[in-house]
Amino acid sequence: MTMDRRTFLQSTGLAAAAGGVGSLGGCAAAAPRRSAPLTLRWAPYTLQLKHAFTLATSSRTTTPDVLVELEGDGVVGYGEASMPPYLGESPESADGFLRRIDMARYPDPFLIGDILADVDALAPGNPAAKAAFDLALHDWVGKKIGQPWHRLWGLDPSKTPVTSFTIGIDTPEVVRQKTLEAAEYKVLKVKLGRDTDKLLIETIRSVTSVPIRVDVNQGWKDRAQALAMIEWLAGKGIEFVEQPMPKEQIDDLVWLCEKSPLPIVGDEAVQRLPDVVKAHGVYDGINIKLMKCTGLREAHAMITLARALGMDVMLGCMTETSCAISAAAQLSPLAKWADLDGAVLIGNDPFDGARIVDGRVVMPAGPGIGAVRCG
Ligand code: MG
């Protein structure tokens, strides 16, 4: 296929600068790509969960979400903020944060690092709202260039990991049913932290022998009891234990990690980039989620740092649509473990994108983050 100069410049976003090529003596690439700022808009969206989602500390049937769009040059970039209530953000807080972003300050959307650092500094916290903006900006830039982010990062789309599927805490009969419904998945994830933990594991083991990852969500308070439970779990085909104890009990976690026959993965303890350094020596691996860490740019940096420190990386998610799951999929070839079943757990996904086929994450085909609005 041939491409004339004008078409090439349009496809690479250089068209606006092309008129000045002569006068700038070939330095057009340094000029801002656009004269008009991108338009940022957002709207709340309630995710309906297929099953009530029960953790050690709470249970719910919906998740508040905000869908974000960045538009310019006929290109729309998508992002979302999924905000489980226990994490402290809400559609109202996201609205308040997103209103502070002045797109007129960012005439060149390709300066992703500068823009996201500026947006991050607008207010502390708000990781999901920041992630929504980060995803939309990555999506817009990728679409403008015409390439998916896994290609821009040089990652092999065939190297996506298998993903676990979460079986929520429930009665033995419902757990057995949910496990049978999850037959497609090669790995299951189970939420523990109640006095029925052993019954839950035994119930799943009565139906399937696939590996199980357990997530305690800080539910065990005593390290000796935690170790006894992990030693019991080690004989049950368990792959690793996620956040077994409260993140503040660092000495207990170091003790547990040294003695545990199973890898210990930090989740609640690891939010953003500086937490990776703090997790080193406390956990064997870390669970990175876009909604915790403000999006793709910081997630990529966290993965790079964790791997350099010799830690294993898990890429996780909240209950979220195929928008954020597709974004996470772009990074997933860098992760040892994936837990990207968030879109499968909701009944009103307004996006198409990354899919899970035979338990494996399938990279979406499109440019940007690869999410397509379909509802
Ligand atoms: Mg977790």
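Leaving aside neighbours within four places in sequence, Thr160 is in contact with Ser332, Pro333, Arg360, Val361 and Met363, where contact means heavy atoms within 4.5 Å. The model is predicted, so that local features need pLDDT of at least 70 and side-chain atom pairs count only at pLDDT 80 or more, while totals for chains, interfaces and linings use all residues. Residues are numbered from 1 along each chain as its sequence is written, and side-chain values use heavy atoms, with hydrogens and water left out.

Thr160 is found in the loop between helix 6 and strand 4; helices (H or I, at least four residues) and strands (E, at least two) are DSSP runs, numbered from the N terminus. With a relative accessible area of 3%, Thr160 is buried. Buried means under 20% relative accessible area, exposed over 50%, and partly exposed in between, with a 1.4 Å probe and protein chains only. The side chain of Thr160 reaches the backbone oxygen of Val361 at 2.5 Å. Such a polar contact is a pair of N or O atoms within 3.5 Å; within protein, one must be able to donate a hydrogen and the other to accept it, and residues adjacent in sequence count only if both atoms are side-chain atoms. From C-alpha to C-alpha, Thr160 and Trp337 are 9.6 Å apart in space, although 177 residues apart in sequence.

Thr163 lies in the loop between helix 6 (149-152) and strand 4 (164-167). Thr163 counts as buried because its relative accessibility is 0%. Its side chain reaches the backbone nitrogen of Leu340 at 2.7 Å. Beyond the neighbours within four places in sequence, the contacts of Thr163 include Tyr185, Val187, Ala338, Asp339 and Ile356.

The wider setting may now be considered. The protein has 14 helices and 15 strands, and 52% of its 375 residues count as buried. Of the contacts in the protein with a separation of 6 or more, 67% are accounted for by residues 24 or more positions apart.

The largest nonpolar core has 109 residues, of which Phe133 and Leu233 touch the most other members. A nonpolar core is a set of buried Ala, Val, Leu, Ile, Met, Phe, Trp, Tyr and Cys residues joined through side-chain atoms within 4.5 Å. Helix 5 (residues 127-145) gives the largest share of this core, ten residues. Domain 1 (5-146) and domain 2 (151-373) both give residues to the core, so it lies between them; the domain bounds come from an automatic or database domain assignment.

Leu233 is found in helix 9 (residues 223-233) and counts as buried, at 0% relative accessibility. Not counting residues up to four places away in sequence, Leu233 touches Leu192, Ile201, Val214, Trp220, Ile238, Val241 and Leu262. The C-alpha atoms of Leu233 and Arg213 are separated by 9.9 Å, the two residues being 20 residues apart along the chain.

Helix 5 also holds Lys130. Is this lysine, Lys130, buried or exposed? At 4% relative accessibility, Lys130 counts as buried. Its side chain makes a polar contact with the side chain of Asp120 (2.7 Å). Apart from neighbours within four places in sequence, Lys130 is in contact with residues including Phe97, Val119, Arg272 and Thr294.

Aromatic rings form a further topic. Rings of Phe, Tyr and Trp (its six-membered ring) pair if their centres lie within 6.5 Å; planes under 30 degrees apart count as stacked, over 60 as edge-to-face and the rest as tilted. By this rule the count comes to five aromatic pairs. Tyr78 and Phe351 form an edge-to-face pair, at 5.2 Å centre to centre and 70° between the planes. This pair links distant parts of the chain, with Tyr78 in strand 3 (residues 75-82) and Phe351 in strand 12 (residues 351-352), 273 residues apart. Both Tyr78 and Phe351 are buried. Trp149 and Trp153 form a tilted pair, at 5.2 Å centre to centre and 50° between the planes; Trp149 is buried, as is Trp153. Arg373 lies over the face of Phe351, at 5.5 Å from the ring centre; a charge sits over a ring if NZ of Lys or CZ of Arg is within 6 Å of the ring centre and within 35 degrees of the ring normal.

Finally, Gln218 has a positive phi of about 70° although it is not a glycine. Gln218 lies in the loop between strand 6 (212-215) and helix 9, and counts as buried at 19% relative accessibility.
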